[in-house]
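Look at the sequence and the structure below.

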Amino acid sequence: MSGDRNKQRSMSTLLDVDDLRVTFPTRTGLIEAVRGVSFSLGRERLGIVGESGSGKSQTGRAIMGLTPPQAEVTAGKLAFDGIDLLAASPRDRRSLRGKRIAMILQDPKYSLDPVMSIGRQIVETLRTHEKVGKAEARDRALAMLEAVQIRDPTRVFGLHPHEVSGGMGQRAMIAMMLIAGPEMMIADEPTSALDVTVQLDVLNILDKLVSERGMGLIFISHDLRLVSSFCDRVIVMYAGKVVEQIKASELRDAQHPYTRGLLNCMPRIGFERHPLPVLDRKPEWAA
Amino acid sequence: MNAALSIDGLEVVFDRFRALKGVSLEVKSGESFGLVGESGSGKSTLLRAIAGLAPAASGTIAVNGKSLGARRDKAFYREVQMVFQDPYGSLHPRQTVDRLLQEPLAIHGFADGEKRIQRALDEVGLGTGFRFRYSHQLSGGQRQRVAIARALILEPSILLLDEPTSALDASVQAEVLNLLEEIRRRRKLTFLMVSHDLAIITHMCERLMVMQNGEAVENLTAAQLVGHRATKDYTRNLLRASDGFVRTA
């Protein structure tokens, strides 16, 4: 059964992160954005949740190799499928990016090339990583656009990013990221710029493709509730550190006061609370 | 019943695009009224049209029974103030908090500025220590508090709130929502609040209007929405979507 197979595959570790640190030099000294993050990822959906400045995006970027050049990345171990990412040459990392590790960013308005048609961008990604002819690349791009549930792929293929809606742009980005068949995907706030109903459509597509292809997914978001409804496991970050790792289904029994506070402070339909409980930040959380 | 705000058949047209297609609305004095809808539904345009920031092609807007013309006078801005979505974009980057708060006082010729600034900062929970800082020295939540203080300093009776917390972290959002509720209670303000988040609107407002494509879909009380007594499919869809992701196996 496919369920058994998935289970077996999820045993194998895709990504191993141990004591990851990202440090930025500033005028006033070193700022540690990520301070010793450790986790491992199999073929599963892992959520990384935190508020702004918690280091969640920098964690994703460090794995992807997109940390700004002035910053320093160190780790006890940062390995993707046995490849030591920190020791790999820029060239090797470049060949991993897009091919085996893909990343979806928050806002398609800024992360797609504004002067290239959507189809050409997808074809470009494919032909960078695989030796395929123009006609075949086009066919595969169209098939991919169809897979992300774009109704009229031929029309959208020729459109530029400004001509499509946010939801459509995000689908195109997913198509572009999936075309080379990556084994791991990092999605950094993939739906935060979208309307709620569109958000769910995009998540559905992402969910289906990730489980069908047996990819490992890292879903970075500020929205704890959304992440817990989507992911298998959740890492909660605060001030550059992991404060809690928990199964999404057990989030209700979260131990750390920060996780509980974060869950609690959002207004919920049907649960009247005036005033809303607020987070009482303790300095020891960041220690 | 006295209406703080009554809008009748309001149309806003940008070039040939009808952003608002004849929207009518009445907000009672002291009430908190919510506008929900997806992007492009016209909810922010409605707010901006009231504030005089979007041109009304036809229809009428009346504040406290007084009909508004094409231009807003000073008296209007003493009654109606607005808080914008992005606290990073709505504060002057090269003015201190003190200067930001003095501006409306100077425009309206208030003499007791010192006292008012002191009071406004206290009211939004920022001590005097923040008074001579620049906005880049403040966090998002603190900036939004300054924006609220600036709106309150003229002691308006109506506040227009355009997604006041959507740029903030969840925990900071709770603080700002609590602050807004407390101020409304204390000053008996009327709120007209825009949000894409149904949970925030049902938390903050007694009544709400759902909008889509520049039109009103339906008017509801928050209790009706919470009790799943929405009559339109569009509203039900929004409600379902705000429950989060549900895996369809």
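**A sheet in chain B**

Chain B holds an open sheet of six strands with mixed pairing, in the order β6-β7-β8-β3-β9-β10. Strands (E, at least two residues) and helices (H or I, at least four residues) are DSSP runs, numbered from the N terminus; two strands pair if DSSP finds at least two bridges between them. This is a predicted model: local features need pLDDT of at least 70, side-chain atom pairs count only at pLDDT 80 or more, and totals for chains, interfaces and linings use all residues. Residues are numbered from 1 along each chain as its sequence is written, while chains are lettered from A and ligands numbered from 1 in the order in which they are written.

The edge strands, β6 (80–83) and β10 (215–221) of chain B, each pair on one side only. β6(B) runs parallel to β7 (158–162) of chain B, with four bridges between them. Within β7(B), L161(B) is the bridge partner of V83(B).

Helix α1 (43–51) of chain B packs on the sheet, touching β3, β6, β7, β8 and β9 of chain B. Contact means that C-beta atoms, placed from the backbone, lie within 7 Å. Helix α9 (233–241) of chain B also packs on the sheet, where it touches β3, β9 and β10 of chain B.

**Where the chains meet**

The contact between the chains takes 27 residues from chain A and 24 residues from chain B. On the side of chain A, the largest share, five residues, comes from α9(A).

Notes:
Contact = placed C-beta atoms within 7 Å. Axes fitted to C-alpha atoms, helices over the stretch in contact; angles between N-to-C directions.
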